[in-house]
Amino acid sequence: MKNSLNITELLRAWSDGDDASLEVLLPLVEQELRRIAHSYMSNENLNHTLQTTALVNEAFIELNKQHSVNWQNRKHFYALTAQIMRRILLKYARDRSCIKRGGNFQHISLEDVCVLTQQKSEELIALDEALTRLSKIDPMKSSIVELRYFGGLTIDEIGSISGYASVTVAVHWRLAKAWLGREIQGKNKRKVFPENNYISV
Amino acid sequence: MREGLWENIETLFNQAVNLPPEQRFAFLASACRGDEELIREVSSLIDESENGENFLSEPVFELGTKLLAFDPIGLLKEPDYASYRLLGVLGRGGTGVVFLAEEKNSERLAAIKILPLSLAEDDERIMRFQREAQAASSIKHPNFAQLYEFGKAKDRFFIAMEYVAGTTLRRLLKTDKCDVSKALQITAQIAEGLHAAHRTEIIHRDIKPENIILTDEGIVKILDFGLAKMFDSADTKKEVSFDDAFETSSGLIIGTVNYMSPEQVRGQLLDGRTDLWSLGVIFYEMIVGERPFTGETASDMQASILLSEPDYTPHFNDKPEIKKIITKLLAKKVVDRYQNAADLMKDLTAIRH
């Protein structure tokens, strides 16, 4: 129980906007998520899909047991999970795309695999950049996207943890999705025709 | 972004998107009062929104969870491994775990198969592995995945091979029905790969759709040359690949016998012709959509391989030339079979022209 104060404080600090505390929190929560995810995945039923809420709740309960975390609501915890997912996916995506090679691989060569395709990697990297820009223009939208896309929460779930009506969340989500889609596509277009001026029609 | 623009965009977007499409332009033209940037912003966002689904529609949480979960032998925590850097797990099977890796000096991608710890205790098998790997690594051919090395690091033996991006023939067979020309094309490319290997007296022994990769460019690559069947004991009678072996609830390991040749089932000495048989089974499966030899248990299947003739009607009624080739590939006696891949390639070329 010796860490209890620590974590509670860290979480509070983080939700107050202290990013440094996140660096300490992340590995702790990540380790717990990893453990739970692993036990789910190695379960007999390989087709079992792990729901966000199940994973997060279990991690929450476990951490609570170990550290007696007094977290006022689970909102922060969901947000933290979504951020961890974002980081992990980005790590893999970057690993993959930093390798310069010809051709693009849409598929992975081995069966029953869980890895990122090249396309997904590129999307994730572009999304991460666009999402960072969005967070500066409209932080609420970027956190909805994080919870929805990386955290796997439904619009209703986001509504209930954030205290907004689902319709409100849906309205924000619609614009965020359109904006990000446009940003990312525009970027790809520029990539394809870098020398736009020289293309004569 | 200039002051206040985003708020304007948001308000107008939310209003315009709820209007009937034909009224939107007029609405924006009047609401934006000639502010071209604003019109451009809002209408491009509406276009994107109206396009419906983009990639954000499908959350990646599940993928993230899988990535979180996936470090089955704990090597990714310190991803430096031999002369490679492990990037992630590609798959896991009875033979160990396969990682995607990058060669540290060259940035060349590789698939690294980490063999089970139990193997390290078996000197004889390690020797065989080394011999086979050395032989296999000397062959370079576009139709099979190049073997880079067999080595040991962090107390585990590993095989490093060319990383092939694509989809396995198994997956293709699950999702698509193979049309005849594609089946011919795939068979011909496998035959070419086999030809190159057999010339140097390397046999595969485990040709099956799981070991065949189709790249996006339409190239067929054979995986695990010379090594596929090395995982079991020296006793060839029990030679069963663990590659797609699965553990039943009782803990029993079952491997596939579907693609085994009669001489393999009998535990006899093998040569390249065993691979041609397996290719025959695959060719048949691509055309018919089912396997030529079936059985409820492994023993039934083995009996079928030894004794029964595949059903050629009605799928081959209009394809007598293909039937002739498959019949020759699936000849029970090796002497009645194609004697080498080159002869098979000749017959395939004749059909394709």
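In which sense do strand β4 (residues 109-114) of chain B and β6(B) pair, and over how many bridges? They pair in the antiparallel sense, over 5 bridges; two strands count as paired if DSSP finds at least two bridges between them.

The model is predicted: local features need pLDDT of at least 70, side-chain atom pairs count only at pLDDT 80 or more, and totals for chains, interfaces and linings use all residues. Residues are numbered from 1 along each chain as its sequence is written, while chains are lettered from A and ligands numbered from 1 in the order in which they are written.

**Confidence and overall content**

The pLDDT, which is the predictor's confidence in each residue on a scale from 0 to 100, averages 82 in chain B, with 86% of the residues at 70 or above. Residues 231-255 of chain B fall below 50, and this stretch has 42 contacts in the model beyond near neighbours in sequence. A contact means that the C-beta atoms of two residues, placed from the backbone, lie within 7 Å. For the complex, the predictor gives an ipTM of 0.74 and a pTM of 0.56.

Chain B contains 12 helices and 11 strands. Both are DSSP runs numbered from the N terminus: helices are H or I with at least four residues, strands E with at least two. Of the 353 residues of chain B, 40% are buried, that is, they have 20 or more other C-beta atoms within 10 Å of their own, with C-beta atoms placed from the backbone.

Strand β6 (residues 156-162) of chain B is largely enclosed by the rest of the structure, because 5 of its 7 residues are buried.

| Strand paired with β6(B) | Sense | Bridges |
|---|---|---|
| β4(B), residues 109-114 | antiparallel | 5 bridges |
| β5(B), residues 147-153 | antiparallel | 6 bridges |

B:Ile114 has B:Phe158 of β6(B) as its bridge partner, and B:Lys152 has B:Phe157. β5(B) and β6(B) form a hairpin with 2 residues between them, where B:Lys154 in the turn has a positive phi of about 45 degrees.

**Helices α9 and α11**

The axes of α9 (residues 273-288) and α11 (residues 320-329) of chain B come within 8 Å and cross at roughly 145 degrees. Axes are lines fitted to C-alpha atoms over the stretch in contact, with angles from 0 to 180 degrees between N-to-C directions. Among the contact residues are B:Trp277 and B:Phe283 of α9(B), and B:Ile322 and B:Ile326 of α11(B).

Technical notes: Buried ≥ 20, exposed ≤ 12 C-beta atoms within 10 Å, placed from the backbone.
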